[in-house]
Amino acid sequence: MKDAAPQPIFLADYTPPAYLISDVQLTFRLSPSATRVLSRISFRPNPDAKSRDFSLHGENLTLISAAIDGAPVTPTLTETGLSCDVPDAPFIWEAEVEIAPAANTALEGLYMSNGMYCTQCEAEGFRKITYYPDRPDVMAVFSVRIEGDAPVMLSNGNLVAQGDGFAEWHDPWPKPAYLFALVAGELVNHPGQFTTRSGREVELNIWVRPGDEGKCAFGMQALKASMRWDEEVYGREYDLDLFNIVAVDDFNMGAMENKGLNIFNSSCVLASPETSTDANFERIEAIIAHEYFHNWTGNRITCRDWFQLCLKEGLTVYRDSQFTSDMRSAPVKRIEDVIALRARQFREDNGPLAHPVRPSSFVEINNFYTATIYEKGAEVIGMLKTLVGDEAYYRALDLYFERHDGDAATIEDWLKVFEDATGRDLTQFRRWYDDAGTPRVTVTDDFADGTYTLHLRQHTPPTPGQEDKPPRVIPIAVGLLASDGTEVQATKILEMTEEAQSFRFGGLAAKPVPSILRGFSAPVIIERDAGAAERAFLLAHDTDPFNKWEAGRELAREGLLAMIRDGAAPDDRYLDAIQTMARDDSLDPAFRALALGLPSQDDLAQALHDGGTAPDPQAIWEALETLRQARAQAMQDVATRLYAQHQVTAPYSPDAAQSGARALANAALAMITRIDGGAQAQRQYDSADNMTQQLAALGCLLQAGNGAAATAAFYDQWQHDRLVIDKWFSLQIVNAAPQDAARIARELTQHPDFTLKNPNRFRATLGALTMSPAGFHHASGAGYELLTDCLIKLDPLNPQTTARMCSAFETWRRYDADRQALITRQLHRILAQPNLSRDTNEMVSRILG
Ligand code: B3K
Ligand code: ZN
């Protein structure tokens, strides 16, 4: 029999906890199949509570014994926890439970990865470790004793004692249970040291499996850079004597900010030039920074409840993107972020999974670690900073840290800080948190008597459960250029607050060319018939790097849409303009590499759908191929020159300058391969001494249909390195012709190295298929069927990763009736599984709508 539909919980139903905790003592007696967890918790009634009912969360626990103030009790147990009569005064709760970490394939709670014990408690995993009020507004000081035979046994805070078969840890900072962590196993450390600006000596360690020691240096450097940056930019210092990072192979997401003991997916911390690409290095640096920055935005100030998740995630993403901009190139980082935002968040915001940055209900919170909470949450902070100005922003942040240190806070608290610090009324701004959907801003203009007028109109389409969207405040950064390319109006922020508004610029000699939404100053879609000539002009002359890039992207997009819709030939204006851009050696190579990128298949599918046409994934793929081929023909000389000019001869470094040069040379190599069939790519493959060069060459060879030998050689060379073999799985699928992608992916799921138990390998294979739209959406339906087969197998093992991958189907309504029928059949096949997880059930039900 199927379980009853899982019940949503609502933000509006929040009530304060009935009991608060002053301190917690935990003892772990580790054993793979029968770990004992002993807890001793000091509870006291919460004076602000509305009830005195005592209940604790708990899942998959075997209760051995329980006592209150030393007297045994027999609580009432349910599937999700226990309840018990308690004194109306402070009391000590003691319990012993048994759990089986080796059988825990969900990778939540205490589990095992390659013989190592580790934990993942956010959001609600602590309840799989012991009975506890597993909610972020209950904060406590933790002392932890670990007993076992592992050579290294770690927990949060500072090590206070260790001896034969045990280690004791104490974390002086009160924290919610989701920040608890424990790691035990055979680990080796890469040590480091940091002196905070007030003189605290902090011991740093990156703990890895023996054999991975050589891949820690970059992560350590990134950690130190993050610690320094947070002191310099936000005035935030580290607050313990020890900071540990552990690399774990089996992990559902990127990393976790547990207090003093960050746990990382090994793919997000281990790096070496031979095994990691430039993009991997940049990502690792950003994730290390992100988790470190959580120490203040997340740990010292946490969330009152999970509806407030963006309070820590949006702010911390915003902070890590500031960090990357400072470490590398700010314009390049901005363009990369916007590409990712449009690919993931706009897609989400325009489909059945759309939800506000602060949702008002959920069934399974793990389904809400989304691009909307993270990336749109960060964009909202960027807008706030634009609206109040830099100085006021940092003043408000100082007040936030001062007022809320030690609190479990809300979005209301956050906005109040800004209102108090700046005197600004943020009532309308709040809509960015409460309303889902991507606003469209339509722009028209006119010019008369020396005055140029921009007419703006905003509209946000309905999203599930939200029909009407009142106007929001939208900061629109605008500049104006004269026809000779000089800037006649420097960047100015237009504050749009109404549905329709006009903005005037006087004293102009002639009608200027507007550069609108500079730096992508708001997460909106600008709708404007600019025309190819204006786009080409902005690509050549805009002084705002983001909009310069955007102009090239729009020019390509409009040309591609004409090719797909009307069978037009590749647009010469694009080919000319992009060639001029690529030749311009005054431009940063990394910028040029990004400007040579084309809109994604998914972007084009959304654009066609928005224009009222059901996208044909095959036709989109063919148009992109045709344009790439035409561009390679048109740019032969440029490509050859760029390739030669940007070869890096210095020893490998993942810095911005070298990575930019490699990115541009590899963009050129892709063009060259279309002409020479792969001869140059093969030479690069054979001589490559770093993964960026090797992988780019292999990708080109696969694109050219000449990759078989190199693919086999790559496997032989790297079969001992699981992270590199993940790349091997992905690359073959991403570069397959559409009709082959599902077959190749299915064959790879039969490969001896494929396993459902490792989320990285699952994502490398099935995720790669879903990121190849023409292959995934092939008319045969083979892609849909393969993904569904695998999701059905994975769900009983790992609901979180299954549910997350279901979002591959979120765009189903865009497509033609045949594809819609194929997809919905698969979604119903998933829903019909007995004992489907709550996670997957919620995702599939929302996708079907
Ligand atoms: N806070 C964690 C994510 C936890 C995900 C739980 N399903 C990592 C991060 O955002 O830094
Ligand atoms: Zn985070």
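1. In what order do the three strands of the open sheet with β27 run? The order is β28-β27-β30, and the pairing is antiparallel. The model under review is a predicted one.

2. The edges of this sheet are taken by β28 (487-496) and β30 (513-516). Each of these two has a single partner strand, so one side of β28 and one side of β30 have no neighbour in the sheet. Averaged over the sheet and with direction ignored, neighbouring strands are turned by 25 degrees against each other. Seven bridges link strand β27 (residues 474-481) to β28 in the antiparallel sense. Within that pair, P475 lies opposite E495 of β28.

3. A second open sheet of three strands is ordered β4-β8-β7, again with antiparallel pairing. Here β4 (54-57) and β7 (76-77) are the edge strands; each has a single partner strand, so each is left with one side that has no neighbour in the sheet. The pairing of β7 with strand β8 (residues 81-84) is antiparallel and consists of two bridges. T76 has S83 in β8 as its bridge partner.

4. Strand β9 (residues 91-99) pairs with strand β3 (residues 35-45) through nine bridges, and the two run antiparallel. β9 also pairs with strand β5 (residues 62-68), in the antiparallel sense, over six bridges.

5. On the helices, α11 (residues 572-583) and α15 (residues 636-645) have axes that come within 10 Å and cross at roughly 25 degrees. Because angles under 35 degrees count as roughly parallel, α11 is classed as roughly parallel to α15. The crossing of α11 past α15 is left-handed. On the α11 side the contact is made by Q579, A582 and R583, and on the α15 side by V638, R641 and L642. Sorted by class, the α11 contact with α15 comprises three nonpolar, one polar and two charged residues.

6. From α21, the residues A742, A745, R746 and T749 meet A782, G783, E785, L786, D789 and C790 of α24. The classes in the contact of α21 with α24 are five nonpolar, two polar and three charged residues.

7. On overall layout, the protein is divided into domain 1 (1-103 + 118-185), domain 2 (187-298), domain 3 (301-523) and domain 4 (719-849). The C-alpha centres of domain 3 and domain 4 are 33 Å apart. Their contact draws 12 residues from domain 3 and 14 residues from domain 4.

Terms used: Residues numbered from 1 in each chain as written. Chains lettered and ligands numbered in written order. Predicted model: local features only at pLDDT ≥ 70, side-chain atom pairs only at ≥ 80, totals over all residues. Heavy atoms only, no water. Pairing = 2+ DSSP bridges. Helix = DSSP H or I, 4+ residues; strand = E, 2+ residues; numbered from the N terminus. Axes fitted to C-alpha atoms, helices over the stretch in contact; angles between N-to-C directions. Parallel < 35°, antiparallel > 145°, perpendicular 65-115°, else oblique. Left-handed = near helix turned anticlockwise from the far one by under 90°. Contact = heavy atoms within 4.5 Å. Nonpolar A, V, L, I, M, F, W, Y, C, P; charged D, E, K, R; others polar. Domains from an automatic or database assignment.
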